[in-house]
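User: I would like to learn how to read a structure like this one, feature by feature. Could you take me through the general idea each time and then the case at hand?

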Amino acid sequence: AVQVSSTVKGPDPTEESVRAQRGPFAVKQVAVAAKAGRGFNKGTIYYPDDTSQGTFGAVAVIPGFLENQSAISWYGPTLASHGFVVITLQPNAVTDFPEPRSDQLLAAVRWVATQSPVKDRVDPARLAVMGHSMGGGGTLIAASKDPSLKAAIPLAPWSLYADFSDVTVPTMIIGADRDAIAPVANHADPMYASLKAKPDEAYLKLKGADHFTTNRYTATTTRFTVSWLKRYVDGDSRYSAFLCPTPQPDGTFVRFQLTCPV
Ligand code: 9J3
């Protein structure tokens, strides 16, 4: 499993704390206006209001086809409160397919780390990407383009192709068992099949969940997302225990796959 230089922030986690919609850090936010030449549209930065524990990793999140920033905005305050600087994005065009979304994710997360008003709070070596549906396809394409990313989390991903076997970034796909728009049989399942031979590649399949379940706070999505980002962006091994041994299915997920230990 990947060894990441470790930065440990926040109290020791518990099964309760990793599920919380609000973690231990107070959160501030700043709107980012669209500006030509940046490679991404407007967005919102959410960041932990704490400079006493060093810098934080950064995460960019983009929604899916025809969706606005609001579709995925809950990740901003939730992930920031757990200790990440997050930018939620409005796509350049709501009709963009996955490929341009991948470029917007990379442009945005690099800008947050190097040029944004909160750049001094960010460790530019700890960047991650997430996205819903076509934004999830874009997340996988971004991981393929930039192996230096520390983590990727495609949410109900949709893509015209499913072979992401070139990806080495630790990637956790979150699929939904009743997704009729991006059916897992055609998208998340074969995407994970192309990843799973490598270490540090995971697949969470939510139970009784549709295409939009990951667009709202749930304890399970938060538990696994926080644990993945902490383990792979921060290198915080306290969170390995939430991933390995792989948790057994409960009423909220069908299965969680990952080659242990991590
Ligand atoms: O981003 C998405 O929600 C993908 C939905 C979809 O099936 O688009 C087909 C054009």
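User: Let me begin with a single side chain: is Arg126 buried or exposed?

Analyst: The model is a predicted one, and the reading that follows is a reading of that model. A residue is called buried when its relative accessible area is under 20%. Arg126 has a relative accessible area of 7%, so it counts as buried. The residue sits in strand β5, and its contacts, once neighbours within four places in sequence are left aside, are Val4, Ser5, Ser6, Thr7, Gly57, Ala58, Lys150, Val233, Asp234 and Gly235.

User: Which pattern of helices and strands does the protein chain follow along the sequence?

Analyst: The elements are counted, and then their order is read. The protein chain has five helices and nine strands, and along the sequence they follow the pattern β-β-β-α-β-α-β-α-β-β-α-β-α-β. The radius of gyration is 16 Å, close to the 18 Å that the globule rule gives for 262 residues, so the chain is as compact as a globular protein of that length. Along the principal axes, the C-alpha atoms fill a box of roughly 40 × 40 × 30 Å.

User: Which residues have the most contacts inside the largest nonpolar core?

Analyst: A nonpolar core is read as a set of buried residues of nonpolar type joined through side-chain atoms within 4.5 Å. The largest such core has 40 residues, and those with the most contacts inside it are Phe40, Ile45, Val85, Ile87 and Val112. At least two residues of this core come from each of β2 (43-48), β3 (56-62), β4 (84-89), α2 (98-114), β5 (122-132), α3 (134-145) and α4 (188-195), and the largest share, eight residues, comes from α2. Apart from this core lies another, of 37 residues, among them Trp74, Ala128, Ala209 and Val226. To return to Ile87, its contacts beyond four places in sequence include Val32, Phe40, Val59, Ala108 and Trp111.

User: Where is Ser102 found, and which residues does it contact?

Analyst: The element is read before the partners. Ser102 is found in helix α2, and at 0% relative accessibility it counts as buried. Leaving aside neighbours within four places in sequence, Ser102 is in contact with Gly138, Ile141, Ala142 and Lys145. The C-alpha atoms of Ser102 and Gly136, which are 34 residues apart along the chain, are separated by 8.9 Å. Ser116, for its part, is placed in the loop between α2 and β5; Ser116 is buried, with a relative accessible area of 2%, and is in contact with Ile45 and Trp111 when neighbours within four places are left aside.

User: What should I note about the backbone at Pro245, Pro261, Leu66 and Asp200?

Analyst: The bond from Cys244 to Pro245 is cis, with omega near -10°, and Pro245 is in the loop between α5 (219-232) and β9 (253-257). A cis peptide bond also joins Cys260 and Pro261, with omega about 0°, and Pro261 lies in the segment after β9. Turning to phi, Leu66 has a positive value near 70° in a residue other than glycine, and Asp200 has a positive phi of about 65° although it is not a glycine.

User: Are Leu66 and Asp200 buried or exposed?

Analyst: Leu66, in the loop between β3 and α1 (75-81), counts as exposed at 53% relative accessibility. Asp200, in the loop between α4 and β8 (201-206), counts as buried at 1%.

Key: Residues numbered from 1 in each chain as written. Predicted model: local features only at pLDDT ≥ 70, side-chain atom pairs only at ≥ 80, totals over all residues. Heavy atoms only, no water. Helix = DSSP H or I, 4+ residues; strand = E, 2+ residues; numbered from the N terminus. Rg over C-alpha atoms; globule rule 2.2 N^0.38 Å. Buried < 20%, exposed > 50% of the residue type's maximum accessible area, 1.4 Å probe, protein only. Contact = heavy atoms within 4.5 Å.
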